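Good morning, and thank you for making time for this presentation. Please have the sequence and the structure open while I speak.

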Amino acid sequence: MLEPRLGHPNIGLGLGLRTVHYQHILQHEPKVDWFEIISENYMDTEGRPRYVLEQIAERYPIVMHGVSMSIGSTDPLDFDYLQKLKRLAATVGALWISDHICWTGVASLNAHDLLPLPYNEATLKHTIDRVRIVQDVLERTLVLENPSSYVTFADSTMPESEFVNRLAAETDCGLLLDVNNVYVSSVNHDFDPVEYLESVPHKNVVQFHLAGHTNLGTHCIDTHDGHVIDPVWELYRLAHRLTGGVSTLLEWDAKIPEFPVVHAEVLKAKPFIGAETESAADVAETVTDSEQKPDEAATTTVPHPAAYVVAEAE
Amino acid sequence: MSETPRKLGQVQQWMQAVIMHPDGVVGGIESTAAQTHIDVSVNDIEQVIKRSQAQNSIERLQVYGNAYFARLVEVLRDEFPALQHAIGEEAFDGFAFGYLQAYPSHSYTLADLSRNFSQYLRETRPPADAEEEGPDWIEFLIDLAALERTYSEVFSGPGPEAGDHLKPGELQEIPPERWADATLIPMPCLRLMKFGFPVHEYATAVRQGGDPHPPDPQETNLVIGRRDFVVRRKAVGRVEFEMLSAIVDGLALGDAIQRVLEQTDVEFEALAAEIGEWFKTWAAAQFFRAVEVGGADVS
């Protein structure tokens, strides 16, 4: 019988580590439970991002979240990439490694996007085989996230939730349940997000993601550029109840505000999970900018699965 | 759904060809590259991509098609602020759009995306008009692109911050009679670049929020390195540049000096008078990792 969260701890409320917040974090050591990094931004660099990460890893638990494993691609797995991933995880003591149920390119190209899979038996077998190989290489359980998606295929023969269920059952992989993605995809594909949450294998859920998105009326785009909306918070409340509570991470990847604003956003989770309200110190840090709103006029409607790290030069 | 699901690879090849097509997803669906994998017309697209209650299949595919170029052009804008300032946003986006078609990403990391950008600009530049007077502004743009790409590589590569660089004073520990045999080992991040314009000053002004005008042509010998995780650049005179080039080429100091004397019109006495100061400056700038004499590290 599976342990809850596949034995991983619930490490609380965390934030995606972003370069614009390095200085604040190192200087103020904010009371964040943990940080999640974009793996690809640290795998190859020997510059400041890696140096900062190693300092932060001494003070906070770290989880690695990738965007380039391309677990569903029909291209061969990139074993050099997997080895780099494994080495980074060992260096920073990553608690777990996650990526997405998607593909990012084929024929050796990379679209740098999280592209959706047709959900059918052949795709499921293909993905199961690859997850097993990756888990063997990494020598740990892989955690996979349900992506936001914008198309569905005529070649799909099962809903995404069934695909996720069977993938988890066959491989014992962990799930990173992105609650915002469930909402976004439910709007885009006309399904019931509550049914989705009720149907995923709750004991495999290791982590939640929360984020803002952009609603364009006819569809939603996973822009990660604003506050979490109320319906997503309500889905989060349900997800928390169904799973018994797992580590929760807020992503904010475009038009990133000051650190206290992002921190305040993840602390909003507390009432939904029955946790104590913010400490005085939390409030003191968050009060300054907590009313700041994203610039709606400047909202970009491009999904942001990957971030580029800009060089610092004289 | 279709009666027999198509093969996954077939669907992926088709979708990639569609969303990466420069004319948009309709052009992509009609392209040979896509139809080789799934022969479907725009009118029959629901045989591959289902519609939703609010969007038809084309509109849904356009989310991916629009995002592909938009996202990657945005990455290039972030990486090349000075080039973008020099030519304007619209022209920059045009070059970036062309580049992404000529050199689509083959890497898992966005850090590799612009690897061939300056090369692409050179490959596609109009031929220089020998009769036209004045600066070759296209060459200025290519120089800027090369400089900004180098900044990215130096920023991300190995640097001297761990402390394994040659310290000021360590060179003095070499016995004078062995100086000629000494070899300086450069830091992997050290780059020597020649430009026809002072592109470094222009790039710095843009990064500092300024609105510089394109500079007049000027032979510029640039030494690029890193200290405290920030990319540093220093313009040097031709003789110092040639000396650094000879050292980076692996020549021992005696041979490096000989090459510089042959390549430039500097006199030995003048070179000898300057070289001591250069060494101090280079050590302070953390250009070198170590010094070896006869293959042994003496730093």
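Two strands are taken to pair if DSSP finds at least two bridges between them. With that in mind, I begin with a sheet in chain B of this predicted model. Three strands make up this open sheet, in the order S2-S3-S4, and their pairing is antiparallel. The edges are formed by strand S2, residues 191-195, and strand S4, residues 230-236, each of which pairs on one side only. On average, neighbouring strands of this sheet are turned by 30° against each other, direction ignored.

Within this sheet, strand S3 of chain B spans residues 220-227 and is joined to S4(B) by 7 bridges, the two strands running antiparallel. If you wish to locate one of the partners, take Arg226(B), whose bridge partner in S4(B) is Val231(B).

Chain B has another open sheet of 3 strands, with the order S1-S5-S6 and antiparallel pairing. Strand S1, residues 182-186, and strand S6, residues 296-297, are at the edges with a single partner strand each, so one side of each has no neighbour in the sheet. S5(B) and S6(B) are paired in the antiparallel sense over 2 bridges. Here Glu292(B) stands opposite Asp297(B), which lies in S6(B).

Most residues other than glycine have a negative phi. Gln286(B), however, is not a glycine and has a positive phi of about 60°. Its place is the loop between helix H12, residues 268-284, and strand S5, residues 288-293, of chain B. In chain A, Arg5(A) likewise has a positive phi of about 60° without being a glycine. Arg5(A) belongs to the segment before strand S1 of chain A, residues 13-16.

I turn now to the helices of chain B. At what angle do helix H1 and helix H4 pack? Helix H1, residues 8-19, and helix H4, residues 57-79, pack at about 60°, and their axes are 8 Å apart. Angles from 65 to 115 degrees would count as roughly perpendicular and those under 35 as roughly parallel; H1(B) and H4(B) are therefore oblique to each other. H1(B) contributes Trp14(B), Met15(B), Val18(B) and Ile19(B) to the contact, while H4(B) contributes Leu61(B), Tyr64(B), Gly65(B) and Tyr68(B). By class, this contact has 7 nonpolar residues, 1 polar residue and no charged ones.

A further helix, H7 of chain B, covers residues 117-124 and includes Ser118(B). Leaving aside residues up to four places away in sequence, Ser118(B) touches Ile142(B), Ala145(B) and Ala146(B).

Next, the interface between the chains. The size of an interface is often given as the accessible area lost when the parts come together. Chain B and chain A bury about 5,400 Å² between them, and 60% of this is on carbon and sulfur atoms. The contact involves 59 residues from chain B and 63 residues from chain A. Which three residues supply more of the area that chain B buries against chain A than any other three? They are Tyr64(B), Arg71(B) and Tyr108(B), which supply 17% of that area.

Finally, I come to confidence. The predictor gives the complex an ipTM of 0.92 and a pTM of 0.92. Chain B averages a pLDDT of 94, with 99% of the residues scoring at least 70. For chain A the average pLDDT is 91, and 91% of the residues score at least 70. In chain A, pLDDT stays under 50 over residues 277-299, and the model has 33 contacts beyond four places in sequence for this stretch.

Terms used. Residues are numbered from 1 along each chain as its sequence is written. Chains are lettered from A and ligands numbered from 1 in the order in which they are written. This is a predicted model: local features need pLDDT of at least 70, side-chain atom pairs count only at pLDDT 80 or more; totals for chains, interfaces and linings use all residues. Side-chain values use heavy atoms; hydrogens and water are left out. Helices (H or I, at least four residues) and strands (E, at least two) are DSSP runs, numbered from the N terminus. Axes are lines fitted to C-alpha atoms, for helices over the stretch in contact, and angles run from 0 to 180 degrees between N-to-C directions. Angles under 35 degrees count as roughly parallel, over 145 as roughly antiparallel, 65 to 115 as roughly perpendicular and the rest as oblique. Contact means heavy atoms within 4.5 Å. Ala, Val, Leu, Ile, Met, Phe, Trp, Tyr, Cys and Pro count as nonpolar, Asp, Glu, Lys and Arg as charged, and the others, Gly among them, as polar. pLDDT is the predictor's confidence in each residue, from 0 to 100. Buried area is the accessible area (1.4 Å probe) that two parts lose on being put together, summed over both.
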